[in-house]
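Please read each point beside the coordinates.

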Amino acid sequence: MKKMLKTIGLGVLLGALAAWPVFASGGSLLIKNGTILTVTKGVIAKGDLLVVDGLIKQIGENLQAPAGVRVIDAAGKFVLPGIIDSHTHIAIAGTNEGSEAITPEADVGAVVNADDTAILTALSGGVTMVHTMHGSANPIGGPNVVLKMKWGRPSEELIVHDALRTLKFALGENVKQSSRTILPGGPPPRYPQTRMGTNAIIRRELARAKDYMEEWDRYTKLKASKTPPPTLLPPRKDLRLETLADLLRGKMVARCHDYQATEALEFIGLAKEFGFKVQAFEHAWEAYKIADELARQKIGISVFADSWAYKMEAAEGIAYDAGYCAKKGVLVSINSDSGERIRRLFNEASKTMKYGGLTEDEALRLVTINPAIQLGVEKIVGSLEVGKQADIAVFNEHPMSAYARCDITIVDGDVYFDRAQYLKDKEDAAKKAQDAKKGGRP
Amino acid sequence: MIKRTALSALLILGIAAGSSFGQATPGKVIVLQGARIIPVVGEEVDGGTIVIKDGKIAAIGKSVTIPAGADLVDARGLRAYPGMIDSYSFLGLQEITGVNETVDNREMGRINPQVWAIEALRYDSMHIPISRSNGITAALVAPTGGLISGRSVLIKLDGWTNREMVIKNPAALQIEFPGIRGGRGGFGGGQRGGGVGAADASRLITELKELFAEARAYEKRKVFAQKNLMLARPAFDETSENLLPILKGEVPAMISVHADRDIRTVLQFIKDENLKAIFFGAEQGWKVASEIKAANIPVIIGSLYDMPPVWDDGYDQLFMNPVLLHRAGVKIAFSSASATAAKDLPYHAAKAAAFGLDRKDALKAVTIYPAEIFGVSPTMGSLEIGKAANIVLADNDILETRTNIKKVYIDGKECDLSNRYTELLDKFKKR
């Protein structure tokens, strides 16, 4: 107990030094009397949730707050795991390295921008974690990064190192530059310009990476042998192929932007041919056409609820896609892909109840535990369970209601968004401004 | 037998074209029994009855005599609502927004009072049956872009031709002032605006005043020439011709205006020119709500699927604007400002309710308020005797995402609820 209080004290002190958000609770707090939507362990109609040092310590009834720990009254409110967005491009400086078609060395994790106000937008919608991805300009983009929405903290502290390492692939209209106008004097068209070329260029690069990997494996093996040949030289280091070799070695997984069923099936074929894991298809507007294949091969999808018909390849993107695939056993998440939609991701997920007939609980999974599984962080976040990290949101209504509003967002036990506090601050500021006016100051 | 085949052919056609089941048989009476009636105007009735005759509501309430020979519809466990009205959409003018070949809502140039939405309205757009099957039975379809965008039309979401769909044409002349961050925001609406630089109505108002003065002079010359054969008729001026209806007060001007200072400027302009006006957008309307109320200008709220145009106004500024306007006494109505997401109309209303607007008012702002704003409330917008039988039977609150729409009637005719979504789903379900 003493030790815990000391830690809290230290947390507060450190917080003050590093301009910690005003609502800092030192990573510990007690949420009382809320309806707790655990996602994985059912619903507790009225319960308490104790957070200590950023972790969920206890879920139950009549829990007592240790001395000095902030108590949040959640009576009449809903407590849920922080929402996870499986596909965004927020909080980075630059999204697409579009100058070349193959750029697996262009790492999004190297350009994290913790000052992007999209983090605040995300927090205001209960989002605590995002998968920030390389853009879709290239057949092979770059590695992506998983971030916690810790506004005010330095970039390094946002990065979730426990997550799977993911590599962005892309197919279809964006890659073949369908909407690009070739201007006189401007850059010439870039290969590939067709879906055939897209598949071919990915195969070519994977074949190169396979050779590269095998060359290195051979070298490493010989070097480790009792009598390495005296003339043994290491192969040339190639950062581009190094990343792809990691994919082939199973150290990374693919996240592939696709729209049409054919291109998805062919990409699955490439994955089989070269032996890498497709973790999920992004957007996947025709996933419902190949739901059986996806379910059988345990390939997930990360999709919009119903944002469709914005381009030709999205013309058959029906709102039943997510719900239908989920019922077929595909691991589905709903993503925002937007610094705006991110704050109403819960609304988007709720649409699968109408289109697809999912239950409240099933729909909520699409923005909590399912994206957590897709990102390989389901052991630490994505549901409310003892021992998991305290990424939590408090809503006025059930999050699958159209009348729902996020009131509090907590990351690692610290309150990063508090609507009541926001309203109070706003009122105070308005009052101050009025007083200043009365005082005759400029 | 022949008749029957013809009918089934019609049914198949109906599904293929995404339009409604056949025609309403004249004299045929439909009775909806046992629904919880939410008339929007007046008290709710539990276990009530609605009698539909000749496309209109003939009787409604608890104790209603059921005419002999009527088609009885068991509506127990369902709620009956008036069909919703989308107060600003691009339905029928946009199909695939990124494919120019399918987009007809934005004419080139800046001064286009001569373009009329009705004339390009694609009545078999795939987005119309999708909206209809979510309980939306009418929509304003607006041209956009430039300073004067063209004439909008109010349509019902049913009909075999564009002209069959007309409720009111023209509904308004669309005038657009620049957005707070210059333009109205793009795909996903992900931009975040910092300043208020882009919006400045005053220069554009000078231009409009000149056009209006020219149109009035043109009208005068025309009248003089009619009276005096010695005077030459002025050459046909399509801009003036198409501005005259709003100058005469026959057609309202729907004015897209966004920043608070622009709203103030435009309020003065409306007064100066004696226009019948409706605002669209008014994202900073909450800052000048009492002035909007004093001028008695209704506000069509734009899509809430957007960022606050001015970050410093607060993250919730768009969500709070409707309730703040409503509290000040301004009449509001919601809109999708979309074709591909027009079905989401009820969720914009619910979002405003999540931020303080009374749920009953949110419902009114997609039914009776828009009907009043567009001057069609005597015939639609609520469930009342004599009004068009635009009725939605739903298994829950119509503004909730989870709610399923069971039946939709437009002018008393039961609509086909199949659509592009269900067609594709059914096709691949067979796999």
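**Notes on the predicted model**

1. In chain A, S1(A) and S2(A) form a hairpin with 5 residues between them, and A:Val39 in the turn has a positive phi of about 80 degrees. Strands (E, at least two residues) and helices (H or I, at least four) are DSSP runs, numbered from the N terminus. This is a predicted model, in which local features need pLDDT of at least 70, side-chain atom pairs count only at pLDDT 80 or more, and totals for chains, interfaces and linings use all residues. Residues are numbered from 1 along each chain as its sequence is written, while chains are lettered from A and ligands numbered from 1 in the order in which they are written.

2. A residue is buried if 20 or more other C-beta atoms lie within 10 Å of its own, exposed if 12 or fewer, and partly exposed in between, with C-beta atoms placed from the backbone.

3. Elsewhere in chain A, 6 strands form an open sheet of mixed pairing, in the order S8-S10-S11-S12-S13-S14. Its edge strands, each pairing on one side only, are S8 (140–143) and S14 (332–334). Neighbouring strands of the sheet are turned by 20 degrees against each other on average, direction ignored; axes are lines fitted to C-alpha atoms. S10 (residues 166–170) and S11 (residues 253–258) of chain A run parallel over 5 bridges, and A:Phe169 stands opposite A:Cys256.

4. The contact between chains A and B takes 36 residues from chain A and 33 residues from chain B; two residues are in contact if their C-beta atoms, placed from the backbone, lie within 7 Å. On the side of chain A, helices H2 (118–124) and H9 (345–354) are the elements that give two or more residues, and H9(A) provides the largest share, 5 residues. By class, this side has 17 nonpolar, 10 polar and 9 charged residues. Ala, Val, Leu, Ile, Met, Phe, Trp, Tyr, Cys and Pro count as nonpolar, Asp, Glu, Lys and Arg as charged, and the others, Gly among them, as polar.

5. Chain B has 11 helices and 16 strands, and 52% of its 431 residues count as buried. The domain assignment, automatic or from a database, gives domain 1 (19–82) and domain 2 (84–380) of chain B. Their centres, taken over C-alpha atoms, are separated by 33 Å. The contact between them takes 6 residues from domain 1 and 8 residues from domain 2.

6. Helix H3 (residues 201–227) of chain B has 27 residues and reaches 39 Å from its first C-alpha to its last, close to the expected 39 Å, which is 1.5 Å times one less than its number of residues. Its buried residues are B:Ala201, B:Leu208 and B:Ala215. These pack against H4 (238–247), S10 (253–257) and H5 (260–273) of chain B.

Methods
Two strands pair if DSSP finds at least two bridges between them. Axes are lines fitted to C-alpha atoms, for helices over the stretch in contact, and angles run from 0 to 180 degrees between N-to-C directions.
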